[in-house]
Amino acid sequence: MGTLIVLVVLALFLIAIFNGGYNRTFLERVKNSTVWDWLTTVDHKKIGILYFLSGFVFFIIGGIEALLIRLQLIVPHNDLFVGDTFNELITMHGTTMIFLAAMPMIFGLMNVVIPLQIGARDVAFPFLNALGFWLFTAGGLLLNLSWIFGGAPDAGWTSYTQLALNEYSPGPGIDYYVLGLQISGIGTLIGALNFMVTIVNMRTPGMTFLRMPMFTWTTFVTSGLILFAFPALTVGLLLLMFDRLFGANFFDHAMGGSAVLWQHLFWIFGHPEVYIVILPAFGIMSEVISTFSKKRLFGYESMVIATTVIGFLGFMVWVHHMFTVGLGPVANSVFAVATMSIAVPTGVKVFNWLFTMWGGELRFTTAMLFAVGFIPTFVMGGMTGVMLALPPADFQFQDSYFVVAHFHYVLIGGTVMALFAGSYYWWPKMFGKLLDEKLGKIHFWFFFIGFHLTFFPQHFLGLFGMPRRVFTYQSGVNLETLNLISTIGVFGMVIGTLAFMFNVVKTFKKGVQASSDPWNGRTLEWACASPPAPYNFAQLPKVRGYDAFWLEKEAGNKEMQPAEPLAPIHMPSNSHIPILMAIGFFVAGFGFIARGDFSMAILGLVMVFITMFMRSFDRDPGYYIPVEEIERTEKGVKS
Amino acid sequence: MSRQHFWRVLPIVALVVLALSGCSGHESLNTLDPKGSAGETQFDLMKLSFLIMLGVFATVITIFVYVLIRFRKRKGVERKVDNVHGNIWYEITWTVIPIILLTIMAIPTVKSTFDLAEEPEGEDVLKVKVTGHQYWWEFEYPELGIRTAQELYIPVGKKVFLEIHGRDVLHSFWVPALGGKMDVIPGRVNTMTLDADKPGMYQGKCAELCGAGHALMDFRVYAKEQSEFDAWVAQMKKPASVATTSDQKKGEELFLQNCLACHAGTHPKIKAPDLTKFGTRETVAGILPHTEENLKKWLKDPQSVKPGANMPKIDYLQPDELEALVDYLESRK
């Protein structure tokens, strides 16, 4: 109760300060500071940068966890991290990389690029966009606080029951997992909804669905996948929370529950999830390959169809994660054939990329190197994917290092390489500066070779009988050499990533100012300034076909034709409510983890409802940028 | 990839290939050298799918390398690039060919999926009930009235029908050299058929994360010729040997006082491995070689050997008491 009173008093003080009843000049200073501007921003470009950078920070954390895992496995019978500590490392590595690194970094690029690509001034719901980001951050922080407050989750990123239930995982570890993911999941769901509405409603005149760039298309399909897949996770996590906190028995077999129920719920979400992180990667690759081949994307329509078909099939195949559960040969066969069929649209994509390059003029910038390196790597990951889809063969592969190799080939060879390609490609658009190409190439080669050195031997480790998620292996059964090579390879990836970080710092300090169109681009984002003005386009561009900007260049025009006269532009005002609401969720989450005493949880929920109330009665209509100011800004850009 | 880069990568690739050719799996654990018919079926499918995939990969990589070399931008040369939309016939080709390839794989896949799930019929089937515990395996031969732990004996050439039960959390039963895995799920009974066509020792693993000791939840499968197997059965059915020396008698007393609550022999509510025939085991706790030294190490601090093990430390005994206990355990054959 004491804590509660202290917190309430503190909250009252904060409210007093923020309402200006306390010190008006101090308030003014805070509100004019850059930090306050970033904390309250609703500008999609700034939110995109926030997403991207915080995702990258989590990528580094997940990477350090990966490094520690490989160090433990460098020699047999090593005792650096054993038992529960090792299980905490693998759990947090998987959870961090999927939920807190890959998704936000993708969301970051989407946020920056999508409105620009479709010629929009903003996303449909700028407030929700900010809220989505802050909820993701709150969830991610909550999850990682488990390292500090003891007992990180240790039941694997899949948190299979019964292991994840109280009886076998006492202590708060899994509670951090459940509540952290729940909160950041709400953020993701909100973000996806926003992209979907933006793409449907806010395209500039002439931008029909079949003129949208590939990255926009994949974002659109991905948003649909999130919209359908995340509710399954939400439900699963809620049931698990009830089992753990309130003694329900959804998953406890002794009380009539079912362990397989969790697996179904998890994988109905979990399988689409891998397409949620790979489809945008396909989109990025399509943009990069087409730009640096100086050619239109080959077979655009079939690419669009392939994307939607992959999205659809993504929902039909979750049981291939459960071939060894014993669901019987009928279920296994049906899901096997469904899974294999995904290879067809994916193959279409690969061949379309190859034929985009065919007859083009290939420029090997760093972005293009990552895109080119992606093709053989991803094809290998896809091949092992088809092999995994055959249930009898999967009986051997399942839960072995072969699977570990497979999904790292797809997720690193696909998603991470695409994220790096996208970073080098869109960096000038995000920050107005070009990343250094020389360092970029060092980054690519170390990362690429290190990656293959790490994960190629793991196929064989699995085939030679090494299960995944083990902290040790016996000596004398020929697993030593391959494990050693695998661990050495990690350092290649570490050096590559360090080169990237160094590159970023160097570019911020003394990078070259980029022109608005440094790569001779084809899509609309290259038709506005780098970085774009807050309103993106002074006049919405008129789109006359696929690769709209390229068409204008071909026709001899230097810029897009406007679709509207110059007029004052309406902009949304910044808001501090999203971050407050996220803090409310954070406090509530922490309160539930504390168990026993729910006063803090209630306080957090109260804060959430108060901020919702404030938002509901918020009458701020935004503001207009007058024509003169737009003209001034645009002139500044040109000179 | 410029020529310069190619020469930079080549030695590393060569190194990896060399390193890989230097090692192959161990015969007790290798899925690529199956020693039983289930593993054989699975290996056949692995080979088929791998060959087809290799063909696809070769096609892609050939086009890929050609494109990269042929169409790279050369300094000072400006090439006219044709903005082709696509080509419907090409696109149909690379849609139809994969469908044909997948059909070739799908037919044997479905067939062997059903084959492997089938319960073997006839007299000549050995039934074994497998139970996975945190972190040890229990094997019961209901028709022979034998119960063992950590070591599964099977006769060569005979189908073994496994009934897989779970008590606590999920595990997964895997003997790589004999055949693929089946999950252990509490509240559910899974089945699986294995056989070995060569005598030998095959390492078994738990493949599903089951807690702190997951990495060490190993067991062994001994495939024996029928006559040897029969001899083993006879040995197992013999009542446990009686303690003879005074040391062993003292050990028995200590065992009854300290261990029996969990190691309750053949009692159905068994919590820990049945130690009636402990002297015949080749391992301590499924992983350590069976020596007196290792047994003492295990008794004194089980968690240092297998993190998360449920067995409490037996470190309060006097040295001579420990000696007696070990003596008694070793005499149980």
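Glu437(A) is partly exposed, at 26% relative accessibility, and Lys441(A) is likewise classed as partly exposed, at 27%. In this predicted model, the side chains of Glu437(A) and Lys441(A) form a salt bridge with an N to O distance of 3.9 Å. Both residues belong to helix H16 of chain A, which covers residues 437–463, and they stand four residues apart, about one turn of the helix. Side chains of opposite charge can pair when their charged atoms come close.

Lys158(B) is joined to Asp124(B), with the closest N and O atoms 3.9 Å apart. This pair links distant parts of the chain, 34 residues apart: Lys158(B) is in the loop between strand S4 (151–155) and strand S5 (159–166), while Asp124(B) is in the loop between H3 and strand S1 (125–133). Lys158(B) is buried because its relative accessible area of 16% falls under the 20% limit. Asp124(B), by contrast, is exposed, since its value of 52% is over 50%.

A salt bridge also connects Lys250(B) and Asp320(B), at 2.9 Å from N to O. Lys250(B) lies in helix H5 (residues 246–258) of chain B and Asp320(B) in helix H8 (residues 319–331) of chain B, so their pairing ties together parts that are 70 residues apart in sequence. Lys250(B) is partly exposed, with a relative accessible area of 33%, and Asp320(B) is partly exposed at 44%. In chain A, Asp175(A), Arg244(A) and Arg595(A) are connected in a network of salt bridges. Over all chains, the count of salt bridges comes to 26.

Charged side chains also meet aromatic rings. The charged end of Lys46(A) sits over the ring of Trp38(A), 5.5 Å from the ring centre. In chain B, the charged end of Lys181(B) is placed over the ring of Trp174(B), at 3.9 Å from its centre.

Phe355(A) and Tyr90(B) form an edge-to-face pair, 5.5 Å centre to centre with 70 degrees between the planes. Because Phe355(A) lies in helix H12 (residues 343–357) of chain A and Tyr90(B) in helix H3 (residues 88–117) of chain B, this pair joins two chains. Phe355(A) is buried, at 13% relative accessibility, and Tyr90(B) is partly exposed, at 41%.

Two threonines of chain A complete the account. Thr219(A) is found in helix H8, residues 214–245, and is buried, with a relative accessible area of 0%. Beyond residues up to four places away in sequence, Thr219(A) touches Met110(A), Ile114(A), Phe195(A) and Ile199(A). Thr204(A) is located in the loop between helix H7 (173–201) and H8 of chain A. Thr204(A) counts as buried, at 2% relative accessibility. Leaving aside neighbours within four places in sequence, the contacts of Thr204(A) are Ile118(A), Gly119(A), Leu524(A), Leu540(A), Pro541(A) and Val543(A).

How values were computed:
Residues numbered from 1 in each chain as written. Chains lettered and ligands numbered in written order. Predicted model: local features only at pLDDT ≥ 70, side-chain atom pairs only at ≥ 80, totals over all residues. Heavy atoms only, no water. Buried < 20%, exposed > 50% of the residue type's maximum accessible area, 1.4 Å probe, protein only. Contact = heavy atoms within 4.5 Å. Phe/Tyr/Trp six-rings, centres within 6.5 Å; stacked < 30°, edge-to-face > 60°. Lys NZ or Arg CZ within 6 Å of the ring centre and 35° of its normal. Salt bridge = Lys/Arg side-chain N within 4 Å of Asp/Glu carboxyl O.
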